[in-house]
Amino acid sequence: MSASVAVYRNIYTEDRFKQAYGSDDNTSGSLRLREKLAGRCRCSRRACLHLLRERVPIFSWLPRYRLKKWILGDTVAGLTVGILHIPQGMAFALLTSVAPIFGLYTSFFPVVLYMFFGTGRHVSTGTFAVVSLMTGSVVEQLVPTPLEMNSSSSEAADFEAQRIGVASAVALLSGIIMLCMFGLQLGFLSTYLSEPIVKAFTSAAAFHVTVSQLQSMLGLRLPRHTGTFSLFKTLASVMENLPHTNMAELLISLVCLAILVPVKEINMRYRHRLRTPIPVEILTVIIATAVAYAFSLDSAYSIEIVGHIPAGFPKPQMPAFHTFPDIAGDTIAITFVGYAVSVSLAMIYADKHGYSIHPNQELLAHGISNTVSSFFTCFPSSATLATTNILESAGGYTQLSGLFTSLVVLVVLLLIGPLFYFLPKAVLACINVTSLRQMFLQFQDLPELWRISKIDFMVWVVTWLSVVVLNVDLGLAIGVVFSMMTVICRTQRASCSVLGRASNTEIYRPLENHSKCYEVPGVKILTYNGPIYYGNRSFFREEMSRLLGLTPEKIRSREKARKALEKREREATVNTVERGIANTSFSSENEFFKSGTSESDVQVVLIDCSSVIFVDVAGARLFTQMCTECQKVGVHVYLANCNESVLKILTSSGLMNYMNPQHIFITVHDAVMYIQQQQEKPPENTPTVWV
């Protein structure tokens with residue numbers, strides 16, 4: 001047996017409801033604001049400690065650290081990620097067009113700083129392929145690679161210094177932008193990079209990374225192409241120079257791929273059974289270095305090797321400040337990409353493990369990481385897909401895992417780094433390509449995306465094609481603009497429906513989807529599922545006129561008939577007054593419903609504003625214009641379900657000069673009950689609604 005509900009209460013207009021249930025204190029809002037500001041400005045020991053814990057989260061989670069329960073997981077996960085950081089840091093340095101040692105620096109300093117300031121417990125920061133690729137494009141534009149240069153000369157050292165100066169300048173400017181965004185509390189801006197945009201962008205950028213590494217895998221010495229159509233220019237250059245392929249480096253690349261691809265697949269398929277993934281990257285690096293050293297491959301077959309890696313900490317060095325005007329535009333794109341990927345990853349694992357992150361605090365964490373690291377010859381960093389996934393699957397619990405990650409990198413920097421002198425760059429190129437597995441697999445999401453939302457599918461495809469065909473920066477901008485245009489188009493063409501009532505209920509639903517609902521006689525109930533603003537006011541007006549049948553000709557004819565009727569009424573009133581009899585046939589509001597209209601004519605328009613989230617000045621003026629036109633044809637306008645902001649704008653725009661304030665109701669059913677009572681007879685007592 002189905003349950004039922006019966007409600008008997010007064011009919012509420014907005015004014016009557018506020019009188020009965022509204023707040024009596026009109027100044028409460030300003031007082032609360034004043035108290036809030038006073039509380040924030042008050043200086044006390046407790047407030048200082050709260051601010052310290054909020055801005056430096058390590059002071060919040062470290063005292064509550066469960067040593068026995070979490071230390072083993074954090075240690076294992078941190079060491080595992082640290083081992084992976086070594087080959088990936090050096091490999092992604094090649095994408096950035098700087099020496100591999102700078103990739104190791106970028107795998108150390110940001111990790112330590114994020115441990116202090118970050119809120120993501122399972123986020124692994126460091127070098128990221130897409131950010132490195134975008135930074136490398138900037139470096140190549142400002143410091144292009146010369147075709148002929150002696151690698152052992154002082155000229156080569158100056159060339160590397162110029163390149164890392166530009167890369168560090170990008171990191172510094174990116175950090176400054178993030179800190180400014182934190183100061184303005186602009187963490188919400190990451191939402192403009194929606195999930196389809198981020199996935200399509202990273203997937204397309206993976207193609208750019210792969211194509212850019214072909215020359216290193218084939219042993220070709222080619223200049224790096226930047227700008228629009230760079231992917232096709234690089235492919236054409238590689239195809240043109242295929243006869244000059246270094247067979248030794250090609251063989252090294254094929255062997256590395258034959259090892260890396262299947263072992264990575266094993267790690268992925270059996271990640272729940274393996275306590276830690278097989279460190280195939282570092283093993284490949286060690287074996288390749290040993291083989292290259294034992295057989296002197298660099299001199300015997302002219303393969304390109306990493307070369308000298310200095311041991312110890314880098315000396316603080318000023319970035320190339322003079323390049324700021326040239327790198328500003330590209331750095332903004334790099335900043336948004338790095339931040340969006342970092343926050344997206346942090347949110348994914350925060351939702352999975354039941355804790356929350358703070359987007360604005362993440363801005364501070366990554367801003368400080370990039371700003372401070374830039375003075376130690378680091379390029380831009382962010383959260384990384386592969387290492388974050390491994391950190392979580394290896395059993396990490398908190399940010400303390402970053403301590404063990406940085407210790408592994410520190411040991412390499414201080415002691416082991418110079419041993420990688422003979423490491424072939426082709427091996428690093430293979431590591432770069434195989435690290436993009438997750439990005440390529442994002443194509444698997446397309447069928448489900450098509451099933452869920454065709455518009456999001458189009459956003460994905462347009463972003464992917466733009467990034468692949470044009471370039472990374474311009475493609476991302478096109479994707480964001482196209483995504484925002486889809487939102488604007490959806491608000492411009494929101495649906496407008498006629499509502500009908502389900503029998504013996506207070507439920508009103510669109511008639512086109514609910515054939516058993518019926519229209520209330522003489523009342524046209526309309527709903528508009530979107531905001532009413534300057535961009536869609538014309539469409540809203542057209543839809544309302546179509547549903548009401550209000551053409552300019554009909555408005556003129558009805559207005560002329562109404563004026564003629566009023567003239568006859570005045571003449572009749574004069575005649576009856578002269579005879580001493582008062583004519584009160586039109587003295588009450590309910591008589592309107594019975595005068596000069598047939599049962600099938602629309603006598604009342606009731607607009608359900610429950611889906612109207614906001615109205616601007618143009619939309620408010622349109623409401624006023626519609627009220628005026630409806631009055632000309634003798635139709636009354638009622639509103640229902642207006643939210644506070646919409647009602648405030650409509651009232652401030654002067655709508656109440658053309659509309660009875662008592663015609664604004666809290667629900668559609670309240671308005672319908674009131675209208676029906678007015679049609680029958682004038683109320684003697686307070687009207688009531690029965691459901």
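Student: Is R546 buried or exposed in this model?

Tutor: R546 is exposed, its relative accessible area being 52%. Please keep in mind that the model is a predicted one.

Student: With which residue does R546 form a salt bridge?

Tutor: To read such a feature, one looks for a side-chain nitrogen of Lys or Arg within 4 Å of a carboxyl oxygen of Asp or Glu. Here the partner of R546 is E543, and the closest N and O atoms are 2.8 Å apart. Both residues belong to helix α25 (residues 537–548), where a spacing of three residues separates them by about one helical turn. E543 is buried, with a relative accessible area of 15%.

Student: How many salt bridges does the count come to?

Tutor: The count by this rule is 15 salt bridges. One of them joins R221 to E249, with 3.3 Å between the closest N and O atoms. R221 sits in the loop between α11 (214–218) and α12 (230–240), while E249 is part of helix α13 (residues 247–269), so this pair ties together parts that are 28 residues apart in sequence.

Student: How accessible are R221 and E249?

Tutor: R221 is partly exposed, at 45% relative accessible area. E249, in contrast, counts as buried at 2% relative accessibility.

Student: Which other residue forms a salt bridge with R221?

Tutor: R221 also pairs with E304, and there the closest N and O atoms are 3.8 Å apart. Since E304 lies in the loop between α15 (297–300) and α16 (324–353), and R221 in the loop between α11 and α12, the pair ties together parts that are 83 residues apart in sequence. E304 is partly exposed, with a relative accessible area of 29%.

Student: Which residues are linked in a network of salt bridges?

Tutor: The network links R221, E249, E304 and K425.

Student: Let us turn to the nonpolar residues. Which members of the largest nonpolar core touch the most other members?

Tutor: The general idea is that nonpolar side chains tend to be buried together in soluble globular proteins. In this structure the largest nonpolar core has 124 residues, and M90 and L423 touch the most other members. The element that gives the most to this core is α16, with 13 residues.

Student: What is M90 in contact with, leaving aside its neighbours within four places in sequence?

Tutor: With those neighbours set aside, M90 is in contact with P100, L104, V285, I309, F420, L423 and L428. Another core lies apart from the largest one; it has 34 residues, among them F540, L548, V633 and L647.

Note on methods:
Residues numbered from 1 in each chain as written. Predicted model: local features only at pLDDT ≥ 70, side-chain atom pairs only at ≥ 80, totals over all residues. Heavy atoms only, no water. Helix = DSSP H or I, 4+ residues; strand = E, 2+ residues; numbered from the N terminus. Buried < 20%, exposed > 50% of the residue type's maximum accessible area, 1.4 Å probe, protein only. Core = buried A, V, L, I, M, F, W, Y, C linked by side-chain atoms within 4.5 Å. Contact = heavy atoms within 4.5 Å.
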